[in-house]
Amino acid sequence: MLTLANLVCGFAAIHYASEPLGPTAVFGWSTITVGGGLIFLGMFFDAIDGSVARLTRSTSDLGAQLDSLSDIVTFGVAPAFLMLQLVDAYYRESATVAGAFVGPGVASFYGKAVWAIAALYVCGAALRLARFNAEPLSHDESDHRFFKGLPVPGAAGAVASLILLQQHLMFTRFAATESLTFDRVAALTIPVIALLCAIGMVSNIRYPHIVNRYLRGGRDFGSLVRLILPVVAAIWFLQETLAAACTFYALSGPLGMLRRKSKTETPDLIATQPERE
């Protein structure tokens, strides 16, 4: 039921995003904001369904396959569609083809490119989930502390959190004369982020498993502080904290790879340096 709730959240996110941009009955949020919030609600269900299944001893192959099918909708199709609607909403006035600015058949090169990026993002999410299902199960503890490639929920979080931040800043920080420029700049940036996430999902870059690595087992005081600070910050700056946390996680893989590479190269450089008499 929790996995199906994740699937319904993805379906509802697509439904709200397909509506004309404007306020809704859900806390007065815009349609795109509601869609982004539903992606994070689906992320919550996705995070707890496995633990609940293990606690109730109801794990099954059916549940594992259903989880991937739900993820491709909530974390694959929904963020890509949300991004398309965001770009289309702020560039439609300049479209040369009536009805839409984004799509494979529009005259605008940018509109075609954004649609292609969304399609690549969906394909990357599908490939990432298929690879995860096809990989043999391992009992090595290190294999349960890291993912190979950017996890699909992590990619969806990076895209959806930036969309939520864009909508929040548009309605709270920018005047009417400034909002159009900000909207268009943000609509240009988010597709680039989605493309980078698509590449990260099909890569072999190692990403930490947040739950297994940071939330399970005993932790020292410093670890507790690092976990509590984002929660406290989210109380006052929810959208900003979500965007910062999700973006940092998406960048943690490449940054960790560069750090490991520098550590392996440093001993070699020291060994090759001539000794001074």
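**Figure 1. Order of the elements along the chain.** From the N terminus on, the elements of this predicted model run α-α-α-α-β-α-α-β-α-α-α. The protein has 9 helices and 2 strands. Of its 277 residues, 38% are buried. The views that follow take up some of these helices and the loops that join them.

**Figure 2. Helices α1 and α3 side by side.** Helix α1 covers residues 2–18 and helix α3 covers residues 61–91. Their axes come within 8 Å and cross at roughly 15°. Because of this angle, α1 is roughly parallel to α3; angles under 35 degrees are counted in that class. The crossing of α1 and α3 is left-handed. What kinds of residues make up the contact of α1 with α3? They divide into 14 nonpolar, 7 polar and 2 charged.

**Figure 3. Phe27 in the loop between α1 and α2.** Phe27 is found in the loop between α1 and α2, the latter being residues 31–55. Its phi is near 60°, which is a positive value in a residue other than glycine. Is Phe27 buried or exposed? Phe27 has a relative accessibility of 69% and therefore counts as exposed, the cut-off for exposed being over 50%.

**Figure 4. The course of helix α2 and its kink.** Helix α2 has 25 residues. From its first C-alpha to its last, α2 reaches 36 Å, close to the 36 Å expected at 1.5 Å a residue. Where is the kink in α2 centred? The kink, of about 30°, is centred on Ile48. Just after α2 comes Arg57, with a positive phi of about 55°.

**Figure 5. Arg57 in the loop between α2 and α3.** Arg57 belongs to the loop between α2 and α3. Arg57 is not a glycine, although its phi is positive, at about 55°. The relative accessible area of Arg57 is 78%, so this residue is exposed.

**Figure 6. Helices α2 and α5 where they pass.** Helix α5 is made of residues 152–172. The axes of α2 and α5 come within 9 Å and cross at roughly 150°. This angle is why α2 is described as roughly antiparallel to α5; the class takes in angles over 145 degrees. The crossing in which α2 passes α5 is left-handed.

**Figure 7. Leu150 in the loop between β1 and α5.** The loop between β1, residues 146–148, and α5 holds Leu150. Its relative accessible area is 2%, so Leu150 is buried, as the cut-off for buried is under 20%. How many residues apart in sequence are Leu150 and Cys197? They are 47 residues apart in sequence, and in space they are 7.3 Å apart, C-alpha to C-alpha.

**Figure 8. Val102 in the loop between α3 and α4.** Val102 lies in the loop that runs between α3 and α4, where α4 is residues 109–134. With 13% relative accessibility, Val102 counts as buried. Val102 and Ala89 are 13 residues apart in sequence. From C-alpha to C-alpha, Val102 and Ala89 are 9.5 Å apart in space.

Conventions:
Residues numbered from 1 in each chain as written. Predicted model: local features only at pLDDT ≥ 70, side-chain atom pairs only at ≥ 80, totals over all residues. Heavy atoms only, no water. Axes fitted to C-alpha atoms, helices over the stretch in contact; angles between N-to-C directions. Helix = DSSP H or I, 4+ residues; strand = E, 2+ residues; numbered from the N terminus. Parallel < 35°, antiparallel > 145°, perpendicular 65-115°, else oblique. Left-handed = near helix turned anticlockwise from the far one by under 90°. Nonpolar A, V, L, I, M, F, W, Y, C, P; charged D, E, K, R; others polar. Buried < 20%, exposed > 50% of the residue type's maximum accessible area, 1.4 Å probe, protein only. Expected span 1.5 Å × (residues − 1). Bend = angle between axes of the 7 residues up to and from the residue.
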